[in-house]
Amino acid sequence: DSMSRYSGIKDEIDYYEVDLPDVIDQKAGLLERYQRRRRGSVLPTLLKADLNELDMVRTALHGSIFSEDAKKPLVRYKRVIIIVEAVLMYLNKENVTPLLKSVIDSSKKHSGSVSLVFSDRFPGVFEKIDKVDADTDAELELNMRYRDLNKLERSCAEEFLHSIDNRLDLVDWMPKPGRARHQGVARVVSR
C-alpha cells in the first residue's frame, strides 16, 4: 500500500490534496476510517477549494503550504511535486493557465525544483490536433511539418506549458487514449 510505504519518512514529506469542499468532507470521513485500520499511514492534509475560484485556491495554499511568514524560511522544500489527474478538463478553460501559473509561481518561491506530474487534458491542445485533418492550406502545411501527430501533440503541450512558465520544460511525455490524454512530467528548476 503506497501510503504506508512512506510512513518511515512521513516527517520529511508534506502531502496535500485540494478539492471541492463537499468532496473534501467525504474524503475526510473515508481517510479517518482508513487511518483507524492502518495506524501510522501517511495521509494528506485536505484543503477545500473550488479550482475554478483562483482566490479560493490561493487562500487555501497560502494558509497551509506557502506561508509568507517572515519567521519561516522562504525556501521550505527541496522539491515540490504538483500532481493533476483528470481535473483540468473539468475546469473552465480560461481558468486552467492562471491556476497552474499561480501554483507553480508560489511553488518556485518555496523550492528549488518544481515538477508538474499530469495525466489530464490541456486546454486547446486537442483542438489543434483535430484541425490537422482539415482541408485548408495552413492546416495542410502544419500536417506536413508534423507528419507524426504525437510530435504535433507534444509540441502543442510544450507550447501550453511554456504559456504557464517559459522555463517549465517537458521532461517526459506519453499521450494515451481517453479523456485524460496528456500524460507526462514537466519541471522548472529555480535559478
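**Notes on strands, helices and salt bridges**

Aspartate 105 is partly exposed, with a relative accessible area of 25%. We will come back to that residue under point 4. Please keep in mind that this is a predicted model.

1. Strand S1, residues 16–19, runs parallel to strand S2, residues 45–48, and four bridges join the two. If you want a landmark in this pairing, take valine 18, whose bridge partner in S2 is leucine 47.

2. Glutamate 17 pairs with lysine 27, and their closest N and O atoms are 2.1 Å apart. Glutamate 17 sits in strand S1 and lysine 27 in helix H2, so this contact ties together parts that are ten residues apart in sequence. How accessible is glutamate 17, in relative terms? Its relative accessible area is 22%, which makes glutamate 17 partly exposed. Lysine 27 is also partly exposed, with a relative accessible area of 22%.

3. Now for the other sheet I would like to point out. Four strands make up an open sheet with mixed pairing, and their order is S3-S4-S6-S5. Its edges are strand S3 (77–85) and strand S5 (169–173), each of which pairs on one side only. On average, neighbouring strands in this sheet are turned by 20° against each other, leaving direction aside. Within the sheet, strand S4 (residues 111–120) and strand S6 (residues 182–189) are antiparallel and share eight bridges. Helix H4 lies across S3, S4 and S6, and runs at about 150° to S4. Helix H7 packs on the sheet as well, where it touches S4, S5 and S6, and its direction makes about 140° with that of S5.

4. Aspartate 105 and lysine 108 form the pair, with closest N and O atoms 3.9 Å apart. That distance falls within the 4 Å cut-off for a salt bridge. The two residues are three apart in helix H4 (residues 93–110), a separation of about one helical turn. Lysine 108 counts as partly exposed at 22% relative accessibility, and aspartate 105 is partly exposed at 25%. Which residues are linked in a network of salt bridges? They are Lys101, Asp105, Lys108 and Asp165.

5. Arginine 154 pairs with glutamate 158, and the closest N and O atoms are 3.5 Å apart. Both residues lie in helix H7 (residues 149–164), four residues from each other, which is about one helical turn. Arginine 154 is partly exposed, with a relative accessible area of 30%, and glutamate 158 is partly exposed at 26% relative accessibility.

6. A last word on the overall tally. The count of salt bridges comes to nine. Among them are the pairs glutamate 17 with lysine 27, aspartate 105 with lysine 108, and arginine 154 with glutamate 158.

Note on methods:
Residues numbered from 1 in each chain as written. Predicted model: local features only at pLDDT ≥ 70, side-chain atom pairs only at ≥ 80, totals over all residues. Heavy atoms only, no water. Pairing = 2+ DSSP bridges. Salt bridge = Lys/Arg side-chain N within 4 Å of Asp/Glu carboxyl O. Buried < 20%, exposed > 50% of the residue type's maximum accessible area, 1.4 Å probe, protein only. Axes fitted to C-alpha atoms, helices over the stretch in contact; angles between N-to-C directions. Contact = heavy atoms within 4.5 Å.
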